[in-house]
Amino acid sequence: MTTRMPLIAGNWKMNLDHLQAVAFVQKLHWTLKDAGHDHSTVEVAVFPPFTDLRTVQTLLDADKIPFALGAQDLSTHDSGAYTGEISGAFLSKLDARYVIIGHSERREYHAEGDDVVAAKVQAALRHGLVPVICVGETSEDLEKFGASAVPVSQLRAALDGVAADADIVVAYEPVWAIGSGQAATPEQAQDVCAKLRDVVAEALDADAAARTRVLYGGSVKAANIAGFMREPDVDGALVGGASLLVDEFSSIIRFQK
Ligand code: PEP
């Protein structure tokens with residue numbers, strides 16, 4: 001049986017400038033250290049805004065802080081006349097390991113459809129980045145089609161043309177749960193995460209399904225993380241609001257205690 005290392009990922013969204021980022025990362029590191037956190041049991045990743053990436057990378061490197069670095073988006077293109085866009089090549093040069101793709105805020109405010117998401121997944125893989133592919137249903141989708149139909153179809157589209165040996169992460173984020181304070185139940189999350197794992201098996205193969213981490217995201221906090229992590233197909237969390245609070249995020253990371 002494959003054991004999957006839990007991943008707790010903090011999506012800062014458009015919060016914390018590069019100076020605030022330094023203070024935050026140092027404080028989180030020391031809080032986890034003081035609590036005796038064992039980094040070999042849970043992977044921690046932070047996703048700062050683009051303008052913080054260089055500063056955070058330098059800090060992680062200099063202070064040997066074992067957090068992985070991720071970006072919140074990337075361009076479908078590798079270089080060229082695309083004003084304002086950021087290439088996956090630049091992100092890998094900064095030692096970013098992950099990149100969030102298909103977050104509901106990009107789908108909603110930047111009209112990113114399944115085709116753009118699929119092209120971004122390909123761009124990430126071309127540059128050795130691990131795409132964190134976000135899928136999830138709105139409350140209208142939930143009412144009309146149930147919980148899993150939309151995320152399953154979004155993931156199928158995102159995985160089109162992805163090789164079986166690709167390193168990917170999937171994040172199930174019901175849109176109605178993001179920033180609302182109303183998380184899914186662990187049972188709801190398990191049900192959809194298991195179906196998403198089946199999609200990985202169909203689109204890639206059984207080995208990929210066994211090793212790919214499927215995260216839950218949507219109003220995760222210290223008080224509910226343990227319930228999600230007890231579910232067999234939930235391998236971690238993508239955390240928004242609570243990832244900006246040092247004590248809260250540190251307690252989420254230490255969900256086993
Ligand atoms: C998110 O935006 O990815 C998210 C999960 O946000 P929150 O934790 O604030 O619901």
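Two residues are taken to be in contact if their C-beta atoms, placed from the backbone, lie within 7 Å. The structure described here is a predicted model, in which local features need pLDDT of at least 70, side-chain atom pairs count only at pLDDT 80 or more, and totals for chains, interfaces and linings use all residues. Residues are numbered from 1 along each chain as its sequence is written. Helices (H or I, at least four residues) and strands (E, at least two) are DSSP runs, numbered from the N terminus.

**The barrel**

- Eight strands form a closed barrel in the order β1-β2-β3-β4-β5-β6-β7-β8, with parallel pairing, where two strands pair if DSSP finds at least two bridges between them.
- Neighbouring strands of this sheet are turned against each other by 25° on average, direction ignored.
- Strand β6 (residues 169-172) runs parallel to strand β7 (residues 213-217) and is joined to β7 by 4 bridges, and Ala171 stands opposite Leu215 in β7.

**Helices on the sheet**

- Helix α7 lies across β5 (130-135) and β6, and runs at about 150° to β5; axes are lines fitted to C-alpha atoms, for helices over the stretch in contact, and angles run from 0 to 180 degrees between N-to-C directions.
- Helix α8 (residues 186-203) also packs on the sheet, where α8 touches β6 and β7 and its direction makes about 145° with that of β6.

**Helix α5 with helix α7**

- Helix α5 (residues 114-126) packs against helix α7 (residues 149-158) at an angle of about 45°, their axes being 8 Å apart.
- The two helices α5 and α7 are therefore oblique to each other, given that angles under 35 degrees count as roughly parallel, over 145 as roughly antiparallel, 65 to 115 as roughly perpendicular and the rest as oblique.
- The crossing of α5 and α7 is right-handed; a crossing is left-handed if the near helix is turned anticlockwise from the far one by less than a right angle, and right-handed if clockwise.
- On the α5 side the contact is made by Asp114, Val117, Ala118 and Val121, and on the α7 side by Gln154, Ala157 and Ala158.
- These contact residues of α5 and α7 divide into 5 nonpolar, 1 polar and 1 charged, where Ala, Val, Leu, Ile, Met, Phe, Trp, Tyr, Cys and Pro count as nonpolar, Asp, Glu, Lys and Arg as charged, and the others, Gly among them, as polar.

**Helix α1 and its partners**

- The axes of helix α1 (residues 18-34) and helix α11 (residues 246-253) come within 10 Å and cross at roughly 50°, which makes α1 oblique to α11.
- The contact draws on Phe24, Lys27, Leu28, Thr31 and Leu32 of α1 together with Val246, Asp247, Phe249, Ser250 and Ile253 of α11, and its residues divide into 6 nonpolar, 2 polar and 2 charged.
- With helix α2 (residues 53-62), the axis of α1 comes within 9 Å and the two cross at roughly 30°, which makes α1 roughly parallel to α2.
- His18, Ala21, Val22 and Val25 in α1 meet Thr55, Val56 and Leu59 in α2, a contact with 5 nonpolar, 2 polar and no charged residues.

**Around the ligand**

- Of the 13 residues around the ligand, those that come nearest are Ile178, Gly179, Gly217, Gly240 and Gly241, a residue being near a molecule or strand if its C-beta atom, placed from the backbone, lies within 6 Å of it.
- The shell around the ligand has 5 nonpolar, 7 polar and 1 charged residues.
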